[in-house]
Amino acid sequence: MKSTITLSLCIAALTANLAVGAANAETFRWASSTDPQTMDPHAVNSSPVLGFLNNVYEGLVRRDQAMAIEGALAQSWEPLDDKGWRFHLRKGVKFHDGSDFTAEDVLFSYQRASSEAADTSSWFSPISEVRIVDDHTIDFLTKAPNPIFPDSIANFMIMDKGWSEANNAALPSKEVENHATLNTNGTGAFKLVDRQPGLKTVLEPHDGWWGEKQHNITRAEFTPIQNPATSVAALLSGDVDMINPVPIQDAARLKERDGVKVIDGIEARVIMLGFPHGADALKYGADAGKPNPFKDQRVRAAVSHAVNVDAILKTIMRGAAQPASQLVSPAMRGYSASLSERPAYDPELARKLLAEAGYPDGFSFGLKCPNDRYLNDEAVCQAIAAMLSQVGIKAELEAMPVRTYWPELRADNFDMYLLGWSPGTFDAEHPLRFLASTPNKEKKLGSWNFGDFSNIAIDSMLPNIQSEIDDGKRQMMLDHSAKVLQDENAYVPLYVQPLVWGARDNIDLTQRPDNFVILRWINVN
Amino acid sequence: MIKSTITRTLDSDFLWSFRRSKLAMGSFVVVFLLLAGALFSPFIATHNPYDMTTLNLMNGFSAPMEPNAFTGDQFWLGSDGQGRDIFSTILYGLRLSLFVGFMAVAFALVLGVSMGLIAGYVGGWIGATIMRIADVQLTFPAILVAMLIFGIAKGITPVDMREEMAIWVLILAIGLSDWVQFARVVRGATLVEKNKEYVQAARLIGRHPAFIMIRHILPNVLGPVMVIATISLALAIIAEATLSYLGVGAPVTQPSLGTLIRIGQGFLFSGEWWILLFPALTLLALALSVNLLGDWLRDALNPRLR
């Protein structure tokens, strides 16, 4: 008995050694400050989750290296005379567990991703019905003509109906765990082999993938490293092959180091401050319980003039970011070039506006902030708190990891908050739908509009923007919406976040402005 | 009369031993300077780094003794990323660290000594229960106990009072994680004292047990308590720094030494070494000298070592 155990231990040790030896050659290890909160592609609509799961799951369409839309699980698609879109699905595609991909799975995924329990339902607000034509053809019918619909669903990932139902995961779960938050069954180029939330997530190539292999990875290991200095140390020592992001303060020095390279670009993400438009009272600080001053547009305008964005960009962001005036960056389709001026830094004006609004002596409130989500997020919030206190409104800052941050925002536990938004469609219509529309679960609108901003002009314009085919008319409506949001100070856009990745010299990769690490384009040399 | 008291004090073994130990004198000077700096920080510091209205972000990341590239302002020990003067922040941080340390030790001392006295003098199932609780708590690392208590206490404080209460919650957490040392020592000493003749005599004339514990036994067990208190102070300061370093202690807008070290760590690779180095050196000097003082006190109060 004893010898059997010893023998099997020896064999186990040997095989383990062999496995490590073989894997080392093309194991790709990368680290990021944020762990994807879930492995469920419909539960949390945030870049860390969608970016990670783009390696495991696939949509009907996907974006190529230049962000252009190309077919993925759909081979082709065509409009149905203004009534919607017909998708012709790829044949012979198999999920990781070997089951076949059919139109049933698409319909199921649509129902799952557009359900109230999902965080992605706003993607489907233009859809009236989804109809299966045959096993490999499916129609998405829209309420009005929707020219950009296929462009807007690159992150709508298809799950296996049989697998989800068999594992009690037919509906997504945002905060409670279910089978699909820890396990996956996609059609993508990689399959999940080990998931330890907050510690390590391991992917391996899916041998039966339909596409043409462009990578040479045999194993990919993801580790969340929250401390920026630790992640830089891990990259320099070779413990990881790539980090995202490189702390801005370290980018200059890393560029000079041998053996590593810095890949930078401008991310599509705009960092902004959000307000509690719907709340009646303040919730934090010495004035908790008193009427909510942020309902007054003058107070919101005062905030926009009190924040010295230029100083934040020069010091904390080390000159690597661009100021923002709207909810989207200039690189997005539908950006309003005529509204590129952001409110000037003018503490005197801010004080005057506060006095006009009835707060000559200011007030106290609570500022909520993530500390592991955006570049230098906590430092930026501290600076903002200091700047606001200089015009008389005292912010009590509470910074926390995103794991607790999103639930706090969903529970309306804030007086002001920091948010970064990167439009998944690369179009200015996207933030209108998610951030500026009056929240409405039935219409699937405003799902990230935590402050319940509500404006009739925006609400009535959005369907027209979605269905307008003429680019000029569409741009006019987008310009008008951007103007309304600026005049109302619905949000205070601060800056466009830079994109800074660091990698070992032997890594070939593609960096897209959506900040997704796509493994199928990575080669370890 | 006064003169004789002074000469008696100057002649005492205690002071003699102090004056003979260069290490003790040196540590005392360091502790004294740091205490003075902390106490008088509002007069020494160039600005109040906890007052956000005095911060200018453009002063961020100034190197020590070099004029800032944007504003031209100069800082002795440089400034951090928010434009706080490191020297002033160290003084204020020191004040916070020392305050939390002293209060936490005082809390642990009162709680631990009373528990130890009761456990030792009353004994029975009450004493056994107290000591078993103490034993169980000792099996967990103190910092984990402190984090647990901090988490629970923070959870039950109303949200709008969290910021004012943060420091007190910290004190409670560190104090509660530290009372066991006092209780164990006091209980041991009480067990010895309670069988001595003077206690029996007091009991015979009908003194109340509480009176006997406080007036008769307590003064005789205070020696070791003072030694533990000094060493606990160093540990409490480090515990506060550790909690703040882990980001669960003092709020970021009121940096203590531990918070400063945490912030500074992020700038080691980018070359802003001063944000980390100076607070770390201060913490090192403080903890080391308090510890050395405690060591010396232990030896000085131990009759067997004379």
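## A tour of chain B and its partner

Helix 12 and helix 13 of chain B cross in a left-handed way. This is a predicted model.

**Stop 1: the helix pair.** Select residues 257-265 of chain B for helix 12, then residues 274-301 of chain B for helix 13. Their axes lie 8 Å apart, and the packing angle is about 150 degrees. Angles over 145 degrees count as roughly antiparallel, so helix 12 and helix 13 of chain B are roughly antiparallel to each other.

Now show the side chains at the contact. From helix 12 of chain B, pick B:Leu257, B:Leu260, B:Ile261, B:Ile263, B:Gly264 and B:Gln265. From helix 13 of chain B, pick B:Ile275, B:Leu276, B:Pro279, B:Ala280, B:Thr282 and B:Leu283. Colour this contact between helix 12 and helix 13 of chain B by type: 9 residues are nonpolar, 3 are polar and none is charged.

**Stop 2: all of chain B.** Zoom out. Chain B has 13 helices and 0 strands. Its C-alpha atoms fill a box of roughly 80 × 50 × 35 Å along the principal axes. Of the 306 residues in chain B, 45% are buried. Take the contacts in chain B between residues at least 6 apart in sequence: 67% of them join residues at least 24 apart.

**Stop 3: where the chains meet.** Show chain A too. Here 28 residues of chain A are in contact with 22 residues of chain B. On the chain A side, select helix 6 (228-237), helix 7 (248-256), helix 9 (309-314), helix 11 (377-390) and strand 15 (394-400). Each supplies at least two residues of the side that touches chain B. Which element of chain A gives the largest share of that side? Helix 11 of chain A does, with 8 residues. Colour the chain A side by type: 15 residues are nonpolar, 7 polar and 6 charged.

Definitions and conventions
Residues numbered from 1 in each chain as written. Chains lettered and ligands numbered in written order. Predicted model: local features only at pLDDT ≥ 70, side-chain atom pairs only at ≥ 80, totals over all residues. Contact = placed C-beta atoms within 7 Å. Helix = DSSP H or I, 4+ residues; strand = E, 2+ residues; numbered from the N terminus. Nonpolar A, V, L, I, M, F, W, Y, C, P; charged D, E, K, R; others polar. Buried ≥ 20, exposed ≤ 12 C-beta atoms within 10 Å, placed from the backbone. Axes fitted to C-alpha atoms, helices over the stretch in contact; angles between N-to-C directions. Parallel < 35°, antiparallel > 145°, perpendicular 65-115°, else oblique. Left-handed = near helix turned anticlockwise from the far one by under 90°.
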